[in-house]
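The following report describes one protein chain for a reader who has its sequence and its three-dimensional form at hand. Please keep both in view while reading.

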Amino acid sequence: MASPGRLRLFAFIALGGAALDLITKEAVFRWRGLPRPDHVWWLVEGRLGIETSVNPGALFGMGAGLWWLFALLSVVALIGILYWLVVAGAARDRWLTVTSGLIAAGILGNLYDRLGLWDSRGLPPELQHGVRDWILFVWPEVGLRIFNPWPNFNLADSMLVCGSILLVLHALMHREEPG
């Protein structure tokens, strides 16, 4: 059984990360408005900027319009994470607790948008259950010409990616102690 301290750590990361994602989305969309062509505010000229966009699908916009399916899969994933932590005992490992918290934070932040809980008035119906993105990253020298600029993303996406990378690193480096 997971210790209360580990469950608090998980909840702090998951809920705190989701809150940070939602606060930044709300702030940026209030400041920059709904998506408009060529409406970038550069932090690093031509490389890193703020540009609002709404993704009606999942990864790179795939599955546009299937918001209900992605919302359902998000809920299933959250239930699976909680089961893994609490019942299967993954919360005994601090690394897995932190990793799961990051992934859950990303899921919750994007689930909020997919459920249409944000003020999407003014957008066409096909975007009203889309995920709000605002970070623009441009790096043509990387060689990924198909994604130049890289599709806009948000903090929830970043937490999902970082959590997933940490999970893979754990799987590659972790060794069970005998006994």
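D119 has a relative accessible area of 47% and therefore counts as partly exposed, a class that lies between buried (under 20% relative accessible area) and exposed (over 50%), computed with a 1.4 Å probe and protein chains only. Its side chain meets that of R121 in a salt bridge with an N to O distance of 2.7 Å. R121 is exposed, at 66%. A salt bridge here is a side-chain nitrogen of Lys or Arg within 4 Å of a carboxyl oxygen of Asp or Glu.

The model is predicted: local features need pLDDT of at least 70 and side-chain atom pairs count only at pLDDT 80 or more, while totals for chains, interfaces and linings use all residues. Residues are numbered from 1 along each chain as its sequence is written, and side-chain values use heavy atoms, with hydrogens and water left out.

**Salt bridges**

A search of the whole structure gives six salt bridges. Three of them are listed below, including the one already described.

| Pair | N to O distance | Relative accessible area |
|---|---|---|
| D119 and R121 | 2.7 Å | D119 47%, R121 66% |
| K25 and D113 | 2.9 Å | K25 0%, D113 0% |
| R132 and E26 | 3.5 Å | R132 2%, E26 31% |

Salt bridges that share partners join D21, K25, E26, R30, D113 and R132 into one network.

**Overall fold**

The chain contains four helices and four strands, in the order α-β-β-α-α-β-β-α from the N terminus. These elements are DSSP runs numbered from the N terminus: helices are H or I with at least four residues, strands are E with at least two. The C-alpha trace spans about 60 × 35 × 25 Å along its principal axes. Of the 179 residues in the chain, 37% are buried.

**Aromatic pairs**

How many aromatic pairs does a search of the whole structure find? There are two. Rings of Phe, Tyr and Trp (its six-membered ring) pair if their centres lie within 6.5 Å; planes under 30 degrees apart count as stacked, over 60 as edge-to-face and the rest as tilted.

The ring centres of F29 and W118 are 6.1 Å apart and the planes stand at 70°, so this pair is edge-to-face. F29 belongs to helix α1 (residues 4–32) and W118 to the loop between α3 (94–114) and β3 (131–137), so the contact ties together parts 89 residues apart in sequence. Both F29 and W118 are buried.

W31 and W41 form an edge-to-face pair because their ring centres are 5.0 Å apart and their planes are at 75°. W31 lies in helix α1 and W41 in strand β1, ten residues apart. W31 is partly exposed at 45%, as is W41 at 37%.

**A nonpolar surface patch**

W31 and W41 also belong to a nonpolar surface patch of about 1,100 Å², which includes F137, W139 and W150 among its other members. Such patches are made of residues with over 30% relative accessible area and no salt bridge, nonpolar side chains (Val, Leu, Ile, Met, Phe, Trp, Tyr) being joined within 5 Å and like charges within 9 Å. Areas come from the Shrake-Rupley method with a 1.4 Å probe; for residues, only the protein chains shown count as cover. Strand β1 (residues 41–44) gives the largest share of the patch, three residues.
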